[in-house]
Amino acid sequence: MKIKSLSAGLALGTLAAFGASAGQITVFDWSGYDDPGFFNAYVEKHGSAPDFSFFADDHEGFNKLRSGFKADLAHPCSGLIGKMRAADLIKPIDTARLDAWGELLPTLAQLPEVSSDGQVWMVPFDWGNTGLVYRTDLVEGDIDLKMLADPALAGKVSLPDVVEDAYGFAALAVGVNDWSEMTDEKFQEASDFLRAVHKNVRFYWSDQGQLDAAIKSGEIHAAWAWNATELALIFDNVPVKLVRDLEVGVASWACGYVHLKDGEGSDEDVYDFLNALSDAESGKYLIEAWGYAHANAGSYRIADQEAVRAYGYSDPEGFMAESLFGFRVPNEMAAKMLKEFERIKAGF
Amino acid sequence: MTLDKNARLGLLLATPTTLYVLLLIAAPVGMTIAYSFWTQEFVDVTRDFTWANYREVFTDPLYRTLIFRSVRIAAMVTLLTVLLAYPVAYHIALNVKKNKAMWLFLVTIPFWTSYLLRVFSWKLILAQNGVVNSALLWLGVIDTPIDTLLYNSEAVVVTLAHAWAPFAILPIFVSLEKIDRSYLEAAKDLGEGPVRSFLRVTLPLSIPGIIGASMIIFIPTVGDYVTPALVGGSDGAMVANMIQVQFGKANNWPLGAALALSAVVCVTGAACLLVLCLKLIERSLK
């Protein structure tokens, strides 16, 4: 009897595993986002997580999708949505099928990248700040963005190796708080400023671990970095601070999930996954375990209040409203910025 | 047309390789050439013939600097590697009598670790709180860590020279091993000292090995991408990094293709020049 039930169980188990892998959806994501804590509800319903495939940066992911990689969902940041739409890679989201759509932070739901032309293109998931992170024990005097060009910080500065972030930083430094104010003159001014900072740059960081280690060792004193860097270093007892002062200048980013046209999985599964991700429980986990901000407003109410305060998420809406959001320049200027950034990095 | 047995066998043996080469080398190179004459327009590629990409590559000082820098770095790596490898190869070929195979086996030890890990370990060695700085601080040679060890073109040279050393040792070893020992005895009999017999017999006869080693190192290092990306910082960036940017972030495949092909042409030129120099040295020694 025992043996019988065991073999029956095995057979069932195999069947279940087979069934799960057959109709599985594929999610194209940043590494680490296959953390089941984000989509518990999906796993409970389907018995297993979806298939994951990873990219290291937005543009690499974009190119892989363009060259024929098939997935059902992808996780770009807002800046890439225009390009994905132009390349006809994504289809609109049916918000009626999203249980938590009404609970998402309005600022995120109404981002022009998210909602435009009467359609919704991305389900916002995570967001956060990009700002000036500095060692409070090593940097003295007035803290502002211009200080990164100060010869006193020669060789002690790091900027992100991402054109959108670097120009976001430069825009704020030259007084542009809204991308619509980015005129050709301001672009020139921002480029000149980046050139001045380049003299102080030790390296342009492309992976957060590298930057965190360099700040921890004192190799880097100040950097333009994600809030994740501040968190990681605070966990490590390194005296750092991310300046969230709107007077000084701080940027925000938002990423989310898009529904790819070429996916082979069922829409049913896709929306189950999106519902699991946008649930407040998922947000609670993202805030508590990762220290990232979630798109669902309800998640801040159910998450550990101490964590919410410590990470600066007490008033998400108020905060986002005034910070420089995303990367919103016309395609032509974006191409110009990219070219200019490569020149600046090469010392031209 | 009828083929005899040997010709048929030859055809049979060569066909898989030929197909493989056509499919995986000729076709991609053909695509790259085609792309280099097209134009990127935001997310689409316009297939009208244009020289614009090449014009940009050759007129913009940015690309010129990167190509020259790549050639310079690769030449330095080649020189350093050959200089360091030659004594090792010489020792194994001419002095080691027993267990030669074991010596050669030891030379391959660096390959037991992945290339990427070796590059990362150089990062740890040269870092501000890395092995070199910690040792010097401990010895009291310096008071503050030297921060110019990493993130420059010198770091790229050191890392590449280490990674490519076995590639230089083996071809030089083979050419030294092939030298007819009776030549060395003859030189000795005719009254040549050890230095002169090295310069007039051993070195000239090992030049083919040096040429082989130089080509094996020079050509791939010009196009190395990982090492400059990890230890190069901004002034150690090489042309391959820019090509990667064009195919990735910049999403300008045509410019990337033109850049890649221009780099190939420059590398071919530089490699020919290198061979010519070595041939001239060979002739002047004989």
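Trainee: Where in chain A is confidence lowest, and where is it highest?
Mentor: This is a predicted model, and in chain A the lowest confidence falls in helix α1 (residues 2-22), with a mean of 43. The highest is in strand β3 (residues 73-74), at 97.

Trainee: How many contacts does the stretch of residues 1-22 have in the model?
Mentor: Leaving out near neighbours in sequence, residues 1-22 of chain A have 4 contacts. The pLDDT over that stretch is below 50.

Trainee: And what does chain A average?
Mentor: The average pLDDT for chain A is 89, and 93% of the residues score at least 70.

Trainee: Okay, overall build. How many helices and strands are in chain A?
Mentor: Chain A has 15 helices and 14 strands. Its C-alpha trace spans about 80 × 45 × 35 Å along the principal axes.

Trainee: What radius of gyration does chain A have, and what would a compact globule have?
Mentor: Chain A has 22 Å, which agrees with the value near 20 Å for a compact globule because that is what 348 residues would give. As for burial, 45% of the 348 residues count as buried.

Trainee: What share of the contacts in chain A comes from residues 24 or more positions apart?
Mentor: Taking contacts with a separation of 6 or more, such residues account for 73%.

Trainee: Switching to chain B. Where is B:Arg200 found?
Mentor: B:Arg200 sits in helix α9 (residues 194-222) of chain B.

Trainee: Why does B:Arg200 count as partly exposed?
Mentor: B:Arg200 has 15 other C-beta atoms within 10 Å. A residue needs 20 or more to be buried and 12 or fewer to be exposed, so B:Arg200 lands in between.

Trainee: What does B:Arg200 touch?
Mentor: Not counting residues up to four places away in sequence, B:Arg200 touches B:Ala187, B:Glu192 and B:Leu285. B:Val174 is 26 residues away along the chain, and its C-alpha atom is separated from that of B:Arg200 by 19 Å.

Trainee: How do α9(B) and helix α12 of chain B cross?
Mentor: Their axes come within 9 Å and cross at roughly 175 degrees. An angle over 145 counts as roughly antiparallel, so that is how α9(B) and α12(B) run relative to each other.

Trainee: Which residues make the contact?
Mentor: From α9(B), they include B:Arg200, B:Leu203, B:Ile207 and B:Phe218. From α12(B), B:Leu274, B:Leu278, B:Glu282 and B:Leu285 are among them.

Trainee: How do the residues of that contact divide into nonpolar, polar and charged?
Mentor: In the contact of α9(B) with α12(B) there are 16 nonpolar, 1 polar and 2 charged residues.

Key:
Residues are numbered from 1 along each chain as its sequence is written. Chains are lettered from A and ligands numbered from 1 in the order in which they are written. This is a predicted model: local features need pLDDT of at least 70, side-chain atom pairs count only at pLDDT 80 or more; totals for chains, interfaces and linings use all residues. Helices (H or I, at least four residues) and strands (E, at least two) are DSSP runs, numbered from the N terminus. The radius of gyration is taken over C-alpha atoms; the globule rule is 2.2 Å times the number of residues to the power 0.38. Two residues are in contact if their C-beta atoms, placed from the backbone, lie within 7 Å. pLDDT is the predictor's confidence in each residue, from 0 to 100. Axes are lines fitted to C-alpha atoms, for helices over the stretch in contact, and angles run from 0 to 180 degrees between N-to-C directions. Angles under 35 degrees count as roughly parallel, over 145 as roughly antiparallel, 65 to 115 as roughly perpendicular and the rest as oblique. Ala, Val, Leu, Ile, Met, Phe, Trp, Tyr, Cys and Pro count as nonpolar, Asp, Glu, Lys and Arg as charged, and the others, Gly among them, as polar.
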